[in-house]
Amino acid sequence: MTGSRHGKAELRLVAWELTRSCNLNCVHCRASADKGPYPGELSTEKCKQILEEISEVGSPIIILTGGEPLLRKDIFELSSWGDKKGLRMVMATNGTLLTKNIVTRMIESGIKRVSISLDGPDEALHDAFRKVPGAFRGALEGIALLKEAGLPFQINTTVTKHNSQYIGEILDLAVKLGAEAHHLFLLVPTGRAKDLADQEIEAQEYESLLHWFYEMRGKVSIHLKATCAPHYYRVLRQEARARGEKVTFETYGLDAVTRGCLGGTSFCFISYDGIVQPCGYLELNCGDLKVSSFREVWENSDIFKQLRDFSSYKGKCGRCEYIRVCGGCRARAYEATGDFLAEEPLCAYEPHKKSS
């Protein structure tokens with residue numbers, strides 16, 4: 001790769017954990033979310049102020065998440081406010097609380113897309129993951145309501161040893177249900193998922209899965225995206241080169257203009273109590289929105305500055321020719337070594353450039 005090894009910091013995406021309260025108890029939960037309520041959740045007025053501050057920095061997609069965001073009583077007021085500020089508002093929900101009325105209110109408040117997680121192709125697998133009987137049925141009923149109302153939705157799947165052999169079936173189900181997209185999330189062992197460290201798939205299986213995901217691009221009618229799986233953007237370029245193709249927006253759409261790990265470069269996460277992090281899995285305090293403006297944190301955080309300087313990355317990530325399109329998962333690096341700039345532990349690729 002040629003060009004600067006420094007990343008641009010154009011804000012494109014913010015995930016905001018508006019509440020940690022949740023009606024489920026999922027084994028892989030980043031937030032270790034439970035019933036709550038949690039002390040320290042930001043007030044409606046403070047949330048509106050933060051949305052205004054974000055709109056002064058850019059026009060990113062805002063993912064309203066949790067916990068379960070529908071448990072916040074002011075969720076539609078906040079969505080509507082963000083929508084009026086020119087932000088693209090989307091919501092991540094487990095789907096079990098959706099009703100006709102709630103879906104109507106989502107649409108009225110400017111929600112443009114909803115993501116619902118399916119971690120198995122059937123009730124037995126999904127409910128075992130979600131630790132709540134009926135979670136699969138509830139998610140499907142919620143999806144049916146979204147479809148009926150014409151509100152676009154996507155399916156998210158967290159890949160573990162528990163379900164990796166069923167990903168094809170889950171993709172088939174996503175297509176059958178009428179999803180706009182299927183996003184794969186590779187397990188990051190933080191929060192409750194620390195107990196699932198042995199459920200993380202091996203580097204070679206990870207590699208095979210991403211090659212399979214690439215192959216499926218042209219075979220299904222919906223958009224496929226790998227999240228928390230930065231190597232996918234290396235795999236995509238390797239496969240394209242092998243086919244004599246150039247990776248451009250015309251040939252590969254959004255995949256050509258995004259990169260693997262977005263934490264701190266074009267994405268950030270806001271916790272329920274206003275702490276800004278590179279992502280939800282990398283629990284490093286980059287600034288506190290109770291005392292600093294969003295712009296101050298986004299532009300001046302030392303951690304964000306380090307993440308944007310690819311020359312500061314270590315190990316094989318630091319010498320990899322795909323650093324600008326992949327970057328490795330910074331949360332997995334931190335979890336494995338205590339250093340967020342260390343090499344990604346779940347990568348089977350060996351860069352051409354050897355260490356000196």
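Confidence in the protein chain is lowest in helix H4 (residues 123-130), with a mean pLDDT of 86, and highest in helix H2 (residues 75-84), with 98. This is a predicted model, in which local features need pLDDT of at least 70 and side-chain atom pairs count only at pLDDT 80 or more, while totals for chains, interfaces and linings use all residues. Residues are numbered from 1 along each chain as its sequence is written, and side-chain values use heavy atoms, with hydrogens and water left out.

**Confidence**

- The pLDDT (the predictor's confidence in each residue, from 0 to 100) has a mean of 88 over the protein chain, and 89% of the residues reach 70 or more.
- Over residues 1-5 the pLDDT is below 50, and the model gives this stretch 14 contacts (heavy atoms within 4.5 Å) beyond near neighbours in sequence.
- Residues 28-34 also stay under 50 in pLDDT; for them the model has 37 contacts beyond four places in sequence.

**Cysteines**

- The structure holds zero disulfides, a disulfide being a pair of cysteine sulfur atoms within 2.5 Å.
- Cysteine 261 is in no disulfide, and the nearest cysteine sulfur, that of cysteine 329, is 5.8 Å away.
- Cysteine 261 counts as buried at 15% relative accessibility, where buried means under 20% relative accessible area, exposed over 50% and partly exposed in between (1.4 Å probe, protein chains only).
- For cysteine 268, the closest cysteine sulfur is in cysteine 286, at 8.5 Å, which is too far for a bond. Cysteine 268 is buried, with a relative accessible area of 0%.
- Cysteine 228 has a positive phi of about 55° although it is not a glycine. Cysteine 228 is placed in the loop between strand S7 (223-227) and helix H8 (232-242); helices (H or I, at least four residues) and strands (E, at least two) are DSSP runs, numbered from the N terminus.

**Nonpolar surface patch**

- Phe249, Leu254 and Val257 form a nonpolar patch on the surface, together exposing about 290 Å² of accessible area. Patches are made of residues with over 30% relative accessible area and no salt bridge, with like charges joined within 9 Å and nonpolar side chains (Val, Leu, Ile, Met, Phe, Trp, Tyr) within 5 Å. Accessible areas come from the Shrake-Rupley method with a 1.4 Å probe, and for residues only the protein chains shown count as cover.
- Leucine 254 lies in the loop between helix H9 (249-252) and strand S8 (267-270), and is exposed at 52% relative accessible area.

**Salt bridges**

- The count comes to 15 salt bridges, each being a side-chain nitrogen of Lys or Arg within 4 Å of a carboxyl oxygen of Asp or Glu.
- Glutamate 52 pairs with lysine 85, the closest N and O atoms being 3.6 Å apart. The pair links distant parts of the chain, with glutamate 52 in helix H1 (residues 44-57) and lysine 85 in the loop between H2 and strand S3 (88-93), 33 residues apart. Glutamate 52 is partly exposed at 29%, and lysine 85 is partly exposed at 31%.
- Aspartate 339 and lysine 314 meet in a salt bridge at 2.6 Å, N to O. Aspartate 339 lies in the segment after helix H13 (330-337) and lysine 314 in the loop between helix H11 (302-308) and helix H12 (315-319), so the pair ties together parts 25 residues apart in sequence. Aspartate 339 is partly exposed at 21%, as is lysine 314 at 40%.
- Arginine 319 and glutamate 350 form a salt bridge at 2.8 Å, N to O. Because arginine 319 is in helix H12 and glutamate 350 in the segment after H13, the pair ties together parts 31 residues apart in sequence. Glutamate 350 is partly exposed, at 39%.
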